[in-house]
Amino acid sequence: MAFSVKPYIPNTITSLNLLCGVIATLCAFEGHFQLAAVFIISGAVFDFFDGFAARALGVSGPMGKELDSLADNISFGLAPAAIYSTYMRLLLTGSLTTPLEKMEGWQVALVAAPLFLAVFAGLRLAKFNIDTRQTESFLGLTTTATGLFTASLFWMLPEHTNYFCQILTPATTLILVAIFCALLVSEIPMFSLKVKHFTWAGNELRVALLVVAVVSIIFLGLGGISLTILLYTLFSILKALLSPKGAKK
């Protein structure tokens with residue numbers, strides 16, 4: 001029987017996503033937010049191409065699905081959680097390197113609290129793997145969107161540290177993390193970004209989001225990704241609220 005490398009290509013790409021997530025997590029705990037953001041975004045690129053490669057080569061399988069979920073939980077769950085946790089340490093102590101043993105108990109609790117984001121990302125991925133309703137669209141915000149939002153947001157931190165510290169206080173940071181945790185496991189239908197035809201009717205939200213994404217990235221660079229994901233989430237919530245009950249998503 002001839003040996004074929006095709007079955008290994010998608011899993012190799014997924015493994016590169018996992019590696020990016022591990023490096024991003026290490027960078028985040030060291031306070032290198034921009035570098036962590038680069039690896040999270042790189043992980044998202046690999047996450048896109050592993051599925052594309054599996055479909056193109058016709059070699060998708062259960063192992064790839066499990067590996068993909070593991071990689072996504074690290075790259076878009078743990079790495080963003082590490083960013084928020086380290087940022088919380090900076091806010092509370094004024095330093096990225098203050099040892100936990102030199103912090104008050106309540107400070108340690110606040111530094112650890114953002115790590116729940118990784119837990120909820122894991123719950124979201126486990127739910128997705130067994131939920132047959134999510135074959136064409138998603139229920140709840142995806143882990144990839146959560147990771148990209150965080151990466152994009154903290155990419156801008158070094159240039160706007162004072163502004164960020166005024167807006168993202170310990171309280172608002174915890175609220176933001178809590179919102180993401182809730183969105184990850186929510187039943188809110190997120191409209192599909194797949195374009196099935198090229199007519200205007202039915203693609204209004206997709207076109208609007210694309211225009212916002214292009215303009216945001218032109219003016220904000222990578223920081224524009226966070227604005228795009230924020231609007232995508234708001235558009236999806238509004239669409240769900242305004243759509244008749246039982247309407248096709």
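Select A178 to begin: with 44% relative accessibility it counts as partly exposed, a label for residues between buried (under 20% relative accessible area) and exposed (over 50%), with a 1.4 Å probe and protein chains only. A178 lies in helix α8; helices here are DSSP runs of H or I of at least four residues, strands are runs of E of at least two, and both are numbered from the N terminus.

A word on the model: it is predicted, so local features need pLDDT of at least 70 and side-chain atom pairs count only at pLDDT 80 or more, while totals for chains, interfaces and linings use all residues. Residues are numbered from 1 along each chain as its sequence is written, and side-chain values use heavy atoms, leaving out hydrogens and water.

Next, show K127 and E187. Their side chains meet in a salt bridge, 2.5 Å from N to O; the term stands for a Lys or Arg side-chain nitrogen within 4 Å of a carboxyl oxygen of Asp or Glu. K127 lies in helix α5 (residues 116-130) and E187 in the loop between α8 (170-184) and β2 (189-190), so the pair ties together parts that are 60 residues apart in sequence. A search of the whole structure finds 1 salt bridge. E187 is partly exposed, at 44% relative accessible area.

Now colour helix α6 (residues 143-155) and α10. At what angle do their axes cross? The angle is roughly 140°, and the axes come within 7 Å; axes are lines fitted to C-alpha atoms over the stretch in contact, with angles from 0 to 180 degrees between N-to-C directions. That makes α6 oblique to α10, since angles under 35 degrees count as roughly parallel, over 145 as roughly antiparallel, 65 to 115 as roughly perpendicular and the rest as oblique.

For another helix pair, pick α1 (residues 8-29) and α3 (residues 62-93), which pack at about 15° with axes 8 Å apart. The two are therefore roughly parallel to each other.

Last stop: select V207, L210, V211, V214, V215, I218, F219, L220, L227, L230 and L234, which form a nonpolar patch on the surface. Helix α9 gives the largest share, 8 residues. One of the patch residues, V214, is partly exposed, with 43% relative accessible area.

Technical notes: Patch = residues over 30% accessible without salt bridge, like charges linked within 9 Å, V, L, I, M, F, W, Y side chains within 5 Å. Areas by Shrake-Rupley, 256 points an atom, 1.4 Å probe, with all protein chains shown as cover.
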